[in-house]
Amino acid sequence: MSEAFDKYGRDYGALVNESIRFSGLKVDFFTRAKARHLIQACSRFAGDSRKLRALDVGCGAGGIHPYLSGAFGSITGVDVSAEMLAQARQTSPDVDYRQYDGVTLPFPDEAFEVAYAICVLHHVPEQNWPRFVAEMARVTARPGLVAIFEHNPYNPLTRRAVNRCEFDNDATLLTAGRARGLLGGAGLSSARARHILFAPVEGRPGALLDRWFGWCPLGAQYYAAAVKL
Ligand SMILES: C[S@@+](CC[C@H](N)C(=O)[O-])C[C@H]1O[C@@H](n2cnc3c(N)ncnc32)[C@H](O)[C@@H]1O
């Protein structure tokens, strides 16, 4: 499936928006929330996220990068799709984008303090998940943080959106528990998961709902994170 996303590069946002139209929300609503959670998790981990070098694995068209502006010391994005990366370069010229084979990350060991993947794993064949996460762990420094953001298969609206989305034909959704297990299996410590995006509200109400109900497996998405010690 490596170059499968090449044909969606230009229309990626529009296709996602179409698949979630029933919710009355736009993809940016979800992207902003994930940016906020990523920055918070990194700040909790390091104190100041701005001293961290971040790697975005499967960055796609880089939709989250404008929302991470100034949050990290540097951001590097990798993807298998040249067309998605071309879109990303237009939007965020400050980010270092690289294409790779989807298997071996083109970086030495411990090159980043944070490696994250957002809605990528469900496009990777299930038998390759351990290897994919192990690669994220390999390029993460000690101490470092690895995070996986994914669709929550227990949320019926999420499943509906995935079923409506043309490029999710190949999707194999994974639970937060499975994502946590993959992080632990890659030798990472203190793996935990939080469910997010419980209601179509932003600002303080949205943040509070996510904080109070992170334990409850009903949010639209979740993230699982673990540290490399
Ligand atoms: C649903 S898009 C998500 C893009 C981006 N992370 C976001 O949240 O907007 C999935 C991305 O994963 C990429 N992808 C698929 N298999 C991959 C692999 N093995 N390694 C890296 N990226 C991959 C696709 O090319 C696509 O850009």
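**Close-up views of a predicted model**

Asp-48 has a relative accessible area of 28%, so it counts as partly exposed (buried is under 20%, exposed over 50%, partly exposed in between, with a 1.4 Å probe and protein chains only). This is a predicted model, where local features need pLDDT of at least 70, side-chain atom pairs count only at pLDDT 80 or more, and totals for chains, interfaces and linings use all residues. Residues are numbered from 1 along each chain as its sequence is written, and side-chain values use heavy atoms, with hydrogens and water left out.

**View A. Asp-48 pairs up with Arg-50.** The two form a salt bridge, with their closest N and O atoms 3.1 Å apart (a salt bridge is a side-chain nitrogen of Lys or Arg within 4 Å of a carboxyl oxygen of Asp or Glu). Arg-50 is exposed, at 55% relative accessibility. A search of the whole structure turns up eleven salt bridges.

**View B. Here Arg-21 meets Glu-18 in a salt bridge.** The closest N and O atoms sit 3.2 Å apart. Arg-21 is exposed at 57%, while Glu-18 is partly exposed at 39%.

**View C. Glu-110 and Lys-228 join through their side chains.** Their salt bridge spans 3.6 Å, N to O. Glu-110 belongs to the loop between strand 3 (96-99) and strand 4 (112-118), and Lys-228 to strand 7 (residues 221-228), so this pair ties together parts that are 118 residues apart in sequence. (Strands are DSSP runs of E, at least two residues; helices are runs of H or I, at least four; both are numbered from the N terminus.) Lys-228 is buried, at 9%, whereas Glu-110 is partly exposed, at 32%.

View D. A polar side-chain atom of Asp-79 lies 2.6 Å from a ligand oxygen, and a side-chain N or O atom of Tyr-100 is 2.8 Å from a ligand nitrogen. Taken alone, the ligand exposes 590 Å², and the protein buries 91% of that (accessible areas come from the Shrake-Rupley method with a 1.4 Å probe; for residues, only the protein chains shown count as cover).

**View E. Trp-212, Phe-213 and Trp-215 make a nonpolar surface patch.** The patch covers about 410 Å². (Patch residues have over 30% relative accessible area and no salt bridge; like charges are joined within 9 Å, and nonpolar side chains, namely Val, Leu, Ile, Met, Phe, Trp and Tyr, within 5 Å.) Trp-212 lies in helix 7 (residues 203-213) and is exposed, at 52%.

Note on methods
Polar contact = N/O pair within 3.5 Å; in protein donor to acceptor, adjacent residues only side chain to side chain.
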